[in-house]
Amino acid sequence: MEFNKLVQDRYSCRKLKGTPIEEEKLDRILEAGLAAPTGCNYQPYKLWVLTGEENCRILSELTKYTFGAGTFIVVGADPSKAWTRKFDGLNIAVIDASIVATHIMLAIHDEGLGSTWVGSFNAPEMKKHYPEMEDYELIAIFPVGEIEEDAKPARLHFERKGISEMVTYLD
Ligand SMILES: Cc1cc2nc3c(=O)[nH]c(=O)nc-3n(C[C@H](O)[C@H](O)[C@H](O)COP(=O)(O)O)c2cc1C
């Protein structure tokens with residue numbers, strides 16, 4: 001999809017089908033994530049793809065935002081492997097992982113699938129279920145699936161501030 005159309009068209013889809021998504025589509029979505037730039041190219045993140053009944057059950061305990069999906073992509077940032085800005089010590093792991101997550105979010109839409117960036121979930125509890133996530137800041141879960149016929153954007157999707165409020169030109 002043409003880029004401007006893609007970013008304007010995407011919305012948080014909260015009505016998904018639980019049917020498996022095609023492997024080729026999932027591969028392209030993950031490759032889009034891997035194509036993201038990271039500070040110093042350190043790539044301090046990890047992606048986990050969760051499918052299957054047991055994982056769906058666990059996820060529904062960790063968040064109320066599963067939206068009927070049968071596939072979930074979890075994005076984790078590893079601060080121990082990230083570039084740090086020497087001037088103020090800012091660790092950019094979460095920034096890097098957020099760029100990866102944004103690529104994934106847009107790629108999902110580009111594949112004609114639906115998703116929502118879910119940040120509200122019990123991350124500490126998640127690490128107990130999945131010990132391999134222990135060392136990561138878990139920044140996002142993307143429930144992914146085919147879009148239900150009656151899905152539509154929520155009210156907030158249409159409430160964007162305008163350029164005059166958000167952008168200042170300094171001459
Ligand atoms: C970092 C982040 C965390 C979010 N967490 C949640 C969440 O936990 N549950 C949810 O339903 N939506 C979540 N959203 C979706 C936002 O509510 C949504 O993007 C916003 O309302 C704008 O709507 P739109 O995505 O349809 O344009 C999150 C979005 C972002 C970027």
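These are my notebook entries on what I looked up in this predicted model.

**Ground rules**

I number residues from 1 along each chain, as its sequence is written. Since I am reading a predicted model, local features need pLDDT of at least 70 and side-chain atom pairs count only at pLDDT 80 or more, while totals for chains, interfaces and linings use all residues.

**Entry 1: the overall build**

I began with the elements and found six helices and four strands in the chain. Both are DSSP runs numbered from the N terminus: helices are H or I with at least four residues, strands are E with at least two. Reading from the N terminus, I get the order α-α-β-α-β-α-β-α-β-α.

Next I looked up the extent. The C-alpha trace spans about 50 × 40 × 30 Å along its principal axes.

Then burial: 29% of the 171 residues are buried. A residue is called buried if 20 or more other C-beta atoms lie within 10 Å of its own, exposed if 12 or fewer, and partly exposed in between, with C-beta atoms placed from the backbone.

I also looked at contacts (C-beta atoms, placed from the backbone, within 7 Å). Among contacts between residues at least 6 apart in sequence, 81% join residues at least 24 apart.

**Entry 2: the sheet**

In what order do the four strands stand in the sheet? I read β1-β2-β4-β3, an open sheet with antiparallel pairing. β1 and β3 (114-115) are at the edges with a single partner strand each, so one side of each has no neighbour in the sheet. Two strands pair here if DSSP finds at least two bridges between them. As a reminder to myself, strands of a sheet pair through backbone hydrogen bonds, either parallel or antiparallel.

I followed β2 on both sides. Strand β1 (residues 45-51) pairs with β2 over seven bridges in the antiparallel sense. Within that pairing, Leu-47 has Val-75 as its bridge partner, and Tyr-45 has Ala-77. On β4, seven antiparallel bridges join the strand to β2, and Thr-71 is partnered there by Val-144.

Is β2 enclosed or open? Seven of its seven residues are buried, so β2 is largely enclosed by the rest of the structure. Thr-71, Ile-73, Val-75 and Ala-77 point one way, Phe-72, Val-74 and Gly-76 the other.

**Entry 3: the core**

I looked up the largest nonpolar core, which has 35 residues; Val-75, Ile-104 and Phe-142 touch the most other members. Such a core is a set of buried Ala, Val, Leu, Ile, Met, Phe, Trp, Tyr and Cys residues joined through C-beta atoms within 7 Å. At least two residues each come from α2 (23-34), α3 (53-62), β2 (71-77), α4 (93-110) and β4 (137-145). Helix α4 gives the largest share, eight residues.

I then checked two residues, setting aside their neighbours within four places in sequence. Ile-104 is in contact with Ile-29, Ala-32, Gly-33, Ile-73 and Phe-142. Ala-97, in helix α4, is in contact with Tyr-45, Val-75, Gly-76, Ala-77 and Ile-139. Ala-97 is buried, with 29 other C-beta atoms within 10 Å.

In helix α2 I picked Leu-26, which is buried with 20 other C-beta atoms within 10 Å. Its C-alpha is 9.4 Å from that of Val-49, 23 residues apart in sequence.

**Entry 4: a loop with positive phi**

The loop between α2 and β1 holds Asn-41 and Gln-43. Asn-41 is not a glycine, yet its phi is positive, about 60°. Gln-43 also has a positive phi, near 50°. Asn-41 is exposed, with 8 other C-beta atoms within 10 Å, whereas Gln-43 is partly exposed, with 17.
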